[in-house]
Amino acid sequence: MCNCQDTLIPQIGVVTDICTETADVKTFRVEKIGGGKLFEHLPGQCAILSVPGKGEAIFSITSSPTNEKYMEFSIKRCGSITNFLHFDIEPGQQIAVRGPYGNHFPVEDKLKGKDLLFIAGGIGLAPLRSVINYMLDKRDDYGSIDVVYGARSKEDFVRYDELTNVWPVQKDTRVHLTIDRAQE
Ligand SMILES: Cc1cc2nc3c(=O)[nH]c(=O)nc-3n(C[C@H](O)[C@H](O)[C@H](O)COP(=O)(O)OP(=O)(O)OC[C@H]3O[C@@H](n4cnc5c(N)ncnc54)[C@H](O)[C@@H]3O)c2cc1C
């Protein structure tokens, strides 16, 4: 676990992959220079991404703490820094990251052995994805897992492949998707 003061020191991260999820959401993969995670976090925590001279904002660390190689952030374009990240950052470029910040879900005590229902809409899945993948990596520690996830349309689901091909095939795990307007 990080020393509290470490969370105030921006770490230099390299964007190693950018995945276009929807028309306005991209997932950014960030690693240390030379590889590996910048710092440890717990499921549900956030980090502040900064671009000097452009701005900064806080984002959920959407990858699971069990992922030792990198951190991921799913970012919805809605203003100045998020537009910059979407249009001006390319794989190989550096950004500053500091954290972790915020509370985490009690995955190691209160939630152990429980049947779990996760409900999210749109970009709101970002903090829960970290929790869900953590639990799936330690599947026997938890009861049944149900995920109810809503979006405006099929094209607005973030991590559609994971939702339809990865999570539902795990033991005692169901994903219930809903969209606002009927489509194929
Ligand atoms: C704990 C926490 C976790 C978060 N996690 C995530 C996450 O995982 N993913 C994610 O996408 N977001 C997340 N957010 C939200 C994220 O921090 C915001 O998206 C971010 O602050 C927006 O920054 P921005 O500079 O791009 O937008 P800003 O420029 O601050 O714009 C925000 C709003 O202001 C409006 N605006 C901007 N400029 C103007 C203008 N000139 N005139 C009028 N209106 C304007 C925009 O249209 C927008 O509605 C999280 C927030 C919190 C607090």
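This report describes the surroundings of the ligand and the aromatic contacts in a predicted model.

## Residues around the ligand

The shell around the ligand comprises 15 residues, of which Ile-58, Ser-74, Lys-76, Ser-80 and Thr-82 come nearest. Lysine counts as charged under the classification used, so Lys-76, one of the residues that come nearest, belongs to the charged class.

## Polar contacts and burial of the ligand

On the backbone side, a polar atom of Ile-58 is 2.7 Å from a ligand oxygen, and a polar backbone atom of Ile-81 is 3.1 Å from an oxygen atom of the ligand. Thr-82 contributes through its side chain, with a polar atom 2.5 Å from a ligand oxygen. These distances fall under the heading of polar contacts because the cut-off for a pair of N or O atoms is 3.5 Å.

The ligand taken alone exposes 990 Å², and the protein buries 45% of that area.

## The aromatic cluster

The structure holds two aromatic pairs. In one, Tyr-149 and Phe-157 are tilted, with 5.4 Å centre to centre and 50 degrees between the planes. In the other, Phe-157 and Tyr-160 are stacked, at 6.0 Å centre to centre and with 25 degrees between the planes. The latter pair counts as stacked because the limit for that class is under 30 degrees. Through these ring pairs, Tyr-149, Phe-157 and Tyr-160 are linked into a cluster.

## A charge over a ring

A further contact involves an aromatic face and a charged side chain. Arg-29 lies over the face of Tyr-70, at 3.8 Å from the ring centre.

Key
Residues numbered from 1 in each chain as written. Predicted model: local features only at pLDDT ≥ 70, side-chain atom pairs only at ≥ 80, totals over all residues. Heavy atoms only, no water. Phe/Tyr/Trp six-rings, centres within 6.5 Å; stacked < 30°, edge-to-face > 60°. Lys NZ or Arg CZ within 6 Å of the ring centre and 35° of its normal. Near = heavy atom within 4 Å. Polar contact = N/O pair within 3.5 Å; in protein donor to acceptor, adjacent residues only side chain to side chain. Areas by Shrake-Rupley, 256 points an atom, 1.4 Å probe, with all protein chains shown as cover.
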